[in-house]
Amino acid sequence: MKSRRIFLQKASLSALAFTALPAFSNAKNFTVRKEDKILRVAIMGLGSYGTRVAEAMKESKRARLVGVISGTPSKVTDWQSKYGIPDKNCYNYENFDQIKDNPDIDAVYVITPNALHKDQVIRVAKAGKHVICEKPMAINAKDGQAMVDACKAAGVQLLIGYRMHFEANTLEAIRMRKSGELGEVKFFQGLSGFVIGDPTQWRLNPKLSGGGAMMDIGIYSINGARYMLGEEPIWVTAQETKTDPVKFKEGIDETIQFQMGFPSGAVASCLSTYAMNGLDKFFLNGSKGWVEMQPSTGYGPIKGTTSIGPLELPHVTHQAVQMDRMAAILFDGAKPEVPVNGEEGVKDMKIIDAIFAAVKSGKRVSLT
Ligand code: NAD
């Protein structure tokens, strides 16, 4: 009975996960029709995550890496030979506005330090290309909104690199909650953290990062609370702990515990930290059942247990699935189960702003 139920859950996932294009739910059977357009992407920022996305795109069925934007000429030539990128699709940070005259690039994927996203996204939008921007989309909600507005004004789409929004086990947990199988869901716990290394890296420079663990990793618990509970928080409280004020200077949060309250009465209790390893866990509790995921947001495989059995949907490289789905969103108007548009990014930024305000004031901050 249990296994049949899980099988049915898996089968029904396809219809629910990607409503506009049901056949796209499971990466294994993601099919490309002859008429489907391939998304031709230029990556801006050839660092560690940019490299991961480039490698993943080799597995993508509907997205292809065709261009680069970088300030380091040696990286550009390396990538050109590795990925077969022609000279005409290579740009630097001074001249990338010229991408507007390049008909062979559909979208730019911005994978640079957080504080640079705003200006870079706006420049790409003005060049008339769709933009995919890494999380956090900006360093505060005001900047995030300016990016949304600029993309709208330019008639291009802005998507945020929320890869978990396409991850099969995550979508299954969401389906269980939506179907009522978990009963009334009243509690989410999110633990997001790791011990950060090199103290000279941009992540520990507030001018480039806009904050510490919260911007980088705590955002997963914020975003996760929203998609696991299926509601938007109406208040936050938050408390900060700093054990190493030299490494984690002013403007760089080391550890923040935060709580969020939701309209239904559900609450979330979360931890964001740069000072503890192995924290990557979600727990969702309902009156009839529960879901626990650990790891919950790492590169996978995501592991989940529920009150009715394990989550066993196959692992597929997150970024490959993400790029396939983003091609469908940009070209076909497909609607993902959990949004990845700029507005979705702004929602997380508003919560981060409120968490920082709550840490400062020691008071509950309203989000309504
Ligand atoms: P990284 O340091 O490895 O790479 C950043 C790149 O930006 C480098 O190539 C660097 O040369 C370039 N850059 C351009 N201008 C720069 C400047 N002024 N200062 C410093 N670097 C500059 O960082 P990363 O880990 O690739 O992170 C980049 C972005 O991707 C961040 O926003 C991060 O939050 C996001 N990210 C997302 C995920 C995910 O799972 N979605 C994972 C890791 C990183």
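Modeller: Happy to! Let us start with Tyr220, where an N or O atom of the side chain is 3.0 Å from an oxygen atom of the ligand. Before we go further, please keep in mind that this is a predicted model. The protein covers 79% of the 830 Å² of accessible area that the ligand has on its own.

At Glu134, a polar atom of the side chain lies 2.9 Å from a nitrogen atom of the ligand. Thr112 takes part through its backbone instead: a polar backbone atom there is 3.2 Å from an oxygen atom of the ligand.

Now step back to the whole shell. There are 24 residues around the ligand, and those that come nearest are Ser48, Asn114, Lys135, Arg163 and Trp202.

Among the helices, H2 (48-57) and H8 (213-229) each supply at least two. As for the space that the ligand takes up, this is the largest pocket.

While you have the model open, here is one more detail to look at, in the loop between strand S12 (290-293) and strand S13 (304-306), where Pro295 is found. The peptide bond from Gln294 to Pro295 is cis, with omega near 0°. Pro301 also has its place in the loop between S12 and S13, and a cis peptide bond, with omega about 0°, joins Gly300 to Pro301. For context, most peptide bonds are trans.

Note on methods:
Residues are numbered from 1 along each chain as its sequence is written. This is a predicted model: local features need pLDDT of at least 70, side-chain atom pairs count only at pLDDT 80 or more; totals for chains, interfaces and linings use all residues. Side-chain values use heavy atoms; hydrogens and water are left out. A residue is near a molecule or strand if one of its heavy atoms lies within 4 Å of it. A polar contact is a pair of N or O atoms within 3.5 Å; within protein, one must be able to donate a hydrogen and the other to accept it, and residues adjacent in sequence count only if both atoms are side-chain atoms. Accessible areas come from the Shrake-Rupley method with a 1.4 Å probe; for residues, only the protein chains shown count as cover. On a 1 Å grid over the protein atoms alone, a cavity is a set of points where a 1.4 Å probe fits but cannot get out, and a pocket is an open set with protein on both sides within 12 Å along at least five of seven lines; lining residues have an atom within 4 Å of a point. A molecule sits in a cavity or pocket if more than half of its atoms lie within 2 Å of its grid points. Helices (H or I, at least four residues) and strands (E, at least two) are DSSP runs, numbered from the N terminus.
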